[in-house]
Amino acid sequence: MARTIVISGGTNGIGKALARHYAELGDQVVAVGSSDEGGRRLREEVPKAHFVRSDLSSLRQTRDLVERLNAEHPMIDALVLAAFRFNPTRVETEEGFEHTFALYVLNRWLMAEGLRGPLENAATPVIINLCGAGQGGRIHWDDLQLKHKYRAVTATMQGARASELLGTAYASERTKYVLYNPVFVATGLHEPFKQPLRGIVRVASAAFAQPLAKAVPPITALIDHPPAEPFTTWKKGKILDRAVDRNEARRFEETIRALTQPG
Ligand SMILES: NC(=O)c1ccc[n+]([C@@H]2O[C@H](COP(=O)([O-])OP(=O)(O)OC[C@H]3O[C@@H](n4cnc5c(N)ncnc54)[C@H](OP(=O)(O)O)[C@@H]3O)[C@@H](O)[C@H]2O)c1
């Protein structure tokens, strides 16, 4: 039976490669991205995937998307969270959040929570959160929006740590929550940078990054056969033994719940 796979950030890089894989198998693929350009690219390269345009750094647009997905897809087999943007300088969203925090943290939590219903209706539901898990990173409790000392790496590492905490806090009888760190994959990582860094990252990527063709199979294996444990962390195809402080996870989830309250 055809499955339904929802991929945030499904118009480029790893998300698009997953969209192609599942569309070619005949599954129903919903790929979300923020730009028309990404949508055009997806339609050309993966015509069987369904593109939905939504700026997922916006809480309002995320809520609208979640409502639409609930209405259109009573059953979702896999939710892949891959929407990401590296912001060399601090950007604030219209709703007043630091952009990385909005897209990498708030959006992922709202999507996972908001799609519980359709996920629980699937036979072997799974959430795959593609992130930099297992590489350190901490929550800047005194300055979550990094107003005072913004660095792109700090924002990215905080987002990765947030995924570890929110994955730990996600409680479901059926839906398995998987954090997956693909480590270094050739997906146009140089693009956000200015020269000369852009050139350096491009060369490093060409020399050291994994090609998509190698990076994707361990992820599809987890989607097709989710782990038995409710929550697991993986790095480049290998499971990590990583204990996360449950008290910090609960505290962080409460904080995110409060920040995302509508109104
Ligand atoms: N590539 C790596 O080496 C690597 C390493 C560790 C972790 N990861 C994780 O793996 C995931 C995928 O990485 P990637 O390198 O494949 O990404 P990518 O090629 O940069 O693609 C990012 C995707 O996110 C979408 N996106 C960005 N901003 C968005 C927004 N505001 N709303 C909706 N969609 C948005 C983009 O589409 P639009 O531009 O059209 O919005 C695109 O489809 C990310 O979560 C990343 O953290 C990647």
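**Briefing: a protein chain and its ligand**

The space taken by the ligand is the largest pocket of this structure. The model is a predicted one. In it, the protein chain has 10 helices and eight strands. The radius of gyration of this chain is 17 Å, close to the 18 Å that the globule rule gives for 263 residues, so the chain is as compact as a globular protein of that length.

**The shell around the ligand**

- The ligand has 28 residues around it, and those that come nearest are Thr 11, Ser 34, Ser 35, Val 185 and Thr 187.
- By residue class, the shell is made up of 13 nonpolar, 12 polar and three charged residues.
- Helix 1 (13-24) supplies at least two residues of this shell, and so does helix 4 (99-114).

**Polar contacts and burial of the ligand**

- Ser 34 places a polar side-chain atom 2.4 Å from an oxygen atom of the ligand.
- In the side chain of Thr 187, an N or O atom is 2.6 Å from an oxygen atom of the ligand.
- Val 183 takes part through its backbone, where an N or O atom lies 3.5 Å from an oxygen atom of the ligand.
- The ligand exposes 880 Å² when taken alone, and the protein buries 90% of that area.

**Overall dimensions**

- The C-alpha trace of the protein chain spans about 50 × 40 × 40 Å along its principal axes.

**Backbone features in the loops**

- Most peptide bonds are trans, and most residues other than glycine have a negative phi.
- The peptide bond that joins Gln 195 and Pro 196 is cis, with an omega of about 5°.
- Pro 196 is placed in the loop between strand 6 (176-181) and helix 7 (197-208).
- Leu 146 is not a glycine, yet it has a positive phi of about 45°.
- The loop that holds Leu 146 lies between strand 5 (126-130) and helix 6 (152-169).

Notes. Residues numbered from 1 in each chain as written. Predicted model: local features only at pLDDT ≥ 70, side-chain atom pairs only at ≥ 80, totals over all residues. Heavy atoms only, no water. Near = heavy atom within 4 Å. Polar contact = N/O pair within 3.5 Å; in protein donor to acceptor, adjacent residues only side chain to side chain. Areas by Shrake-Rupley, 256 points an atom, 1.4 Å probe, with all protein chains shown as cover. 1 Å grid on protein atoms, 1.4 Å probe; cavity = no way out; pocket = protein on both sides within 12 Å on 5 of 7 lines; lining within 4 Å. Sits in = over half its atoms within 2 Å of the grid points. Helix = DSSP H or I, 4+ residues; strand = E, 2+ residues; numbered from the N terminus. Nonpolar A, V, L, I, M, F, W, Y, C, P; charged D, E, K, R; others polar. Rg over C-alpha atoms; globule rule 2.2 N^0.38 Å.
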